[in-house]
2 protein chains.
Amino acid sequence: MAGTDQSKAAAQPDAAAPVVILVRPQMGENIGAAARAMLNCGLGEMRLVAPRDGWPNPAAEAMASGAVAVLAGAKVYETTAEAVADLNLVLATTARSRDQVKDAYVPREAASVMKAHIAGGHRGGILFGPERAGLENDEVALADAIVHVPLNPAFSSLNLAQAVLLLGYEWYQAGDATPDQSMSGHGEPASVEDREYFLTRLEKELYDGGFLFPETLAPTIRRNLRNLFNRARLTDQDVRTLHGVVSTLLKKEGRSDV
Amino acid sequence: MAGTDQSKAAAQPDAAAPVVILVRPQMGENIGAAARAMLNCGLGEMRLVAPRDGWPNPAAEAMASGAVAVLAGAKVYETTAEAVADLNLVLATTARSRDQVKDAYVPREAASVMKAHIAGGHRGGILFGPERAGLENDEVALADAIVHVPLNPAFSSLNLAQAVLLLGYEWYQAGDATPDQSMSGHGEPASVEDREYFLTRLEKELYDGGFLFPETLAPTIRRNLRNLFNRARLTDQDVRTLHGVVSTLLKKEGRSDV
């Protein structure tokens, strides 16, 4: 989906946001795509543990689609322990179940736990293992808890950047104030008075035309029409449009009957 | 992340799950990656409106990573209206704000609305526009509501497969029963009796060793130790391990003092 607002200043991810640690990533393309997913979600700090093809990696830059600042700031470490040494909450993403007794969160809960942690003035990070093998058991043991993404159990394999995107997405949602449901566009909701004025006019015309018949059914038809239009949550403009529709339909001289 | 359970039967997406409609997709690679994301999320029915490079497309198959059944079942339509004609709830993903007065959902709410709709025995689908331009206004108007993914406003551009993944992810989560927090591994939680037996033993040894001193602070130290170990939610195995740790530390004859 296109959508970046080019008029906005360059993205300034929150410096307190969780660090993304890619452990022994193989494909530069995946590192670049992960950087893009991070920036989508307001995450700015990437750390790389022993990237297979060295660093910097032109293949990563080619895939980063404007998130090159994330790559430019990435630091490289030799071991996972070094990469997380300054953090005090580390979550390890893992798809396989591990024979380690450890708290396991779904991504949404992980974001909530991370948010609370960071709100306390601490720093946190999320570990992502290499493309095929995932994290080693000793790296999982280094973490405070694991994160597992519930997906189709018969086909749950995610690529690296998609895993970063899903964790980042939940992080962003945990701090986002967009209402679950809203109304797009710029219409002003019509007042009940204006709605009623239109509906009363419509009913009068329908009565004159014989539509509200038999009388015993008229109250039901009236309520159905009210509910139909009120479910649409009419705007001022909608009410004006509907008046025009009715006027147009009424003066059907010169038109062929449908 | 590696993780598909190869022992499971081939994925059988729910036939009632929402249809994914890709409108004028350009890159075959994106169609393939979208198919993979769909199968990750238990979505099986893909429809294509006027794919730029025709159909079938070998580039799509190369990127589908095992989700070829989704591609094989994809139907092609000439117009968006034809592609959604049999559905009775259509959501349109859009990143740009539109000057159309329309319900707008975040993905989680969209999944919830779709779930309720499908639970009523109806069929629903989600429209995704072409890679750069997005859906045309008339296609958005065809839909019941729009879905907008809240992301970093300065860098919100998602590729097609990522948009499909996020919508699919929320769909899957809406029907998934994984507890927000659980414990991985196979440990049996220790009984309070066993925990207390260990802690009492530890305290006795610490008292003998002069650690619980001065007496006025001893109750605080005892409580801190209890809280430390109880936060860890010890398993039976953990308690056995800790007994061994204490026994080992006690018999330090022959070792150098640290």
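Here are some questions and answers about this predicted model.

Colleague: Before we start, what are the ground rules on numbering, confidence and atoms?

Modeller: Residues count from 1 along each chain as its sequence is written, while chains are lettered from A and ligands numbered from 1 in the order in which they are written. Since we're on a predicted model, local features need pLDDT of at least 70, side-chain atom pairs count only at pLDDT 80 or more, and totals for chains, interfaces and linings use all residues, with side-chain values resting on heavy atoms and leaving out hydrogens and water.

Colleague: How many helices and strands does chain A have?

Modeller: Both are DSSP runs numbered from the N terminus, with helices being H or I of at least four residues and strands E of at least two. On that basis, the secondary structure of chain A comes to 10 helices and eight strands.

Colleague: Is chain A a compact globule or more spread out, and what is its radius of gyration?

Modeller: The radius is taken over C-alpha atoms, and the globule rule is 2.2 Å times the number of residues to the power 0.38. For 258 residues the rule gives 18 Å, and chain A is well over that, so it is more spread out than a compact globule. The C-alpha atoms fill a box of roughly 85 × 40 × 40 Å along the principal axes. The radius of gyration itself is 29 Å.

Colleague: Which domains make up chain A, and what distance separates their centres?

Modeller: The bounds come from an automatic or database domain assignment. Taken over C-alpha atoms, the centres of domain 1 of chain A and domain 2 of chain A are separated by 54 Å.

Colleague: What share of the contacts in chain A join residues at least 24 apart?

Modeller: Contact means heavy atoms within 4.5 Å. Counting contacts between residues at least 6 apart in sequence, the share that join residues at least 24 apart is 83%.

Colleague: What percentage of chain A's residues count as buried?

Modeller: Buried is under 20% relative accessible area, exposed is over 50%, and partly exposed is in between, using a 1.4 Å probe and protein chains only. Of the 258 residues of chain A, the buried share is 47%.

Colleague: Which residues does A:Arg108 touch?

Modeller: A:Arg108 sits in helix α5 of chain A, and at 31% relative accessibility it counts as partly exposed. Its C-alpha is 25 Å from that of A:Ala64, 44 residues apart along the chain. Not counting residues up to four places away in sequence, A:Arg108 touches A:Glu170, B:Arg108, B:Tyr169, B:Glu170 and B:Gln173.

Colleague: Over in chain B, what is B:Val106 in contact with?

Modeller: B:Val106 is in the loop between β5 (102-105) and α5 (107-119) of chain B, and it is buried, with a relative accessible area of 8%. B:Asp180 is 74 residues apart from B:Val106 in sequence and 20 Å apart in space, C-alpha to C-alpha. Leaving aside neighbours within four places in sequence, B:Val106 is in contact with A:Thr178, A:Pro179, A:Asp180, B:Val147, B:His148 and B:Pro150.

Colleague: And B:Glu203, buried or exposed, and which residues does it touch?

Modeller: B:Glu203 lies in helix α8 (residues 192-208) of chain B. With a relative accessible area of 9%, B:Glu203 is buried. Again not counting residues up to four places away in sequence, B:Glu203 touches B:Leu212, B:Arg222 and B:Arg226.

Colleague: What is the phi of A:Ala50, and of B:Ser65?

Modeller: Most residues other than glycine have a negative phi. A:Ala50 lies in the loop between β2 and α2 of chain A and is partly exposed at 35% relative accessible area. B:Ser65 lies in the loop between α2 (58-63) and α3 (68-72) of chain B and is partly exposed at 40%. Neither is a glycine, yet A:Ala50 has a positive phi of about 45°, and B:Ser65 has a positive phi of about 45°.
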